Amino acid sequence: MTDNEPEDIKPDSEAAEPATEVESADVADVIDRDAKSAPADRATDGPFDASEANPARPYVDLGGIKILPREGLHLRLEVEEGTNRVVAVGLDYAKSTLQVQAFAAPRSTGLWHEIREQIEDQILKQGGKSTVQNGPFGPELVAGVPATAPDGSQGLRVARFVGVDGPRWLLRGVIAGEAIQNPAARTAVEELFRSVVVVRGSQPMPPRDLIPLTIPKTAATGGAQPAGS
């Protein structure tokens with residue numbers, strides 16, 4: 001973790017961007033924090049559970065997550081310093097970044113509403129800004145995360161925090177770059193997030209535990225790097 005990132009949140013590091021005005025959408029004042037948060041068409045349009053994925057597609061198998069390759073996509077594995085554990089998948093696409101992580105969740109309840117509130121609280125405590133809005137995946141955060149530019153100046157790095165509750169898992173994404181304001185890039189990255197497959201497995205896991213990720217046997221990735229680097 002670096003000083004530029006909220007605790008327990010590891011979006012890809014980029015140069016600080018100026019604060020951006022974000023138009024907020026109306027979000028229900030009262031939300032059942034235990035309810036699952038997911039698009040109505042999640043099972044058919046993604047993000048997918050392993051049982052729903054097309055077995056004929058040439059996915060890159062990263063253990064708990066599978067990624068569908070596409071032209072222009074660069075994949076990185078983010079590794080926890082000290083343990084060398086792979087903790088996140090970083091995807092560079094459409095001049096944007098998408099970081100994805102999958103967590104174990106209860107069978108009948110969701111995690112995203114509660115975790116989203118905790119992320120927002122961490123960002124605000126660090127002096128950042130956050131807006132809750134309804135997006136294509138449900139409630140999400142558009143946040144200005146405090147960051148330091150290469151020249152040492154302080155600013156806010158704008159990012160979207162999205163989450164989808166699936167069958168016994170939560171898939172969390174952090175979007176930054178062109179996809180924040182460019183409609184074409186936004187659509188491309190949202191489609192990329194939709195194509196992710198989560199492999200929860202049948203083993204018992206406490207809720208919130210990171211579903212284990214592995215380095216693929218093929219040289220399909222752009223290499224591993226320390227989380228938050």
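Visitor: What is the relative accessible area of Leu-124?

Guide: Happy to. This is a predicted model, in which local features need pLDDT of at least 70, side-chain atom pairs count only at pLDDT 80 or more, and totals for chains, interfaces and linings use all residues. Residues are numbered from 1 along each chain as its sequence is written, and side-chain values use heavy atoms, with hydrogens and water left out.

Leu-124 has a relative accessible area of 46%. That makes Leu-124 partly exposed, because buried means under 20%, exposed over 50%, and partly exposed in between (1.4 Å probe, protein chains only). Leu-124 sits in helix α2, which covers residues 112-125; helices (H or I, at least four residues) and strands (E, at least two) are DSSP runs numbered from the N terminus. Beyond its neighbours within four places in sequence, Leu-124 is in contact with Lys-129 and Ser-130, contact being heavy atoms within 4.5 Å. Its C-alpha atom is 9.2 Å from that of Gly-144, 20 residues away along the chain.

Let us move on to the strands. β8 (residues 138-148) pairs antiparallel with β9 over eight bridges, and two strands count as paired if DSSP finds at least two bridges between them. Within this pair, Val-145 faces Arg-157 of β9. Five residues separate the two strands in their hairpin, where Gly-152 takes a positive phi near 90 degrees. Strand β9 (residues 154-166) is mostly covered, with eleven of its 13 residues buried. β9 also pairs antiparallel with β10 (residues 169-177), through seven bridges, and there Phe-161 is the bridge partner of Val-174. The β9-β10 hairpin has two residues between the strands, and Arg-168 has a positive phi near 65 degrees.

Ile-67 touches, among others, Tyr-59, Val-60, Leu-91 and Val-196.

Charged pairs complete the tour. Nine salt bridges are found in the whole structure, each a side-chain nitrogen of Lys or Arg within 4 Å of a carboxyl oxygen of Asp or Glu. One of them joins Asp-92 to Arg-76, with the closest N and O atoms 2.9 Å apart. Since Asp-92 lies in β5 and Arg-76 in β4, this pair ties together parts 16 residues apart in sequence. Asp-92 is partly exposed at 23% relative accessibility, whereas Arg-76 is buried at 10%. Another links Glu-190 and Arg-186, whose closest N and O atoms are 3.1 Å apart. These two are four residues apart in helix α3, so about one helical turn separates them. Here Glu-190 is buried at 13%, while Arg-186 is partly exposed at 26%.
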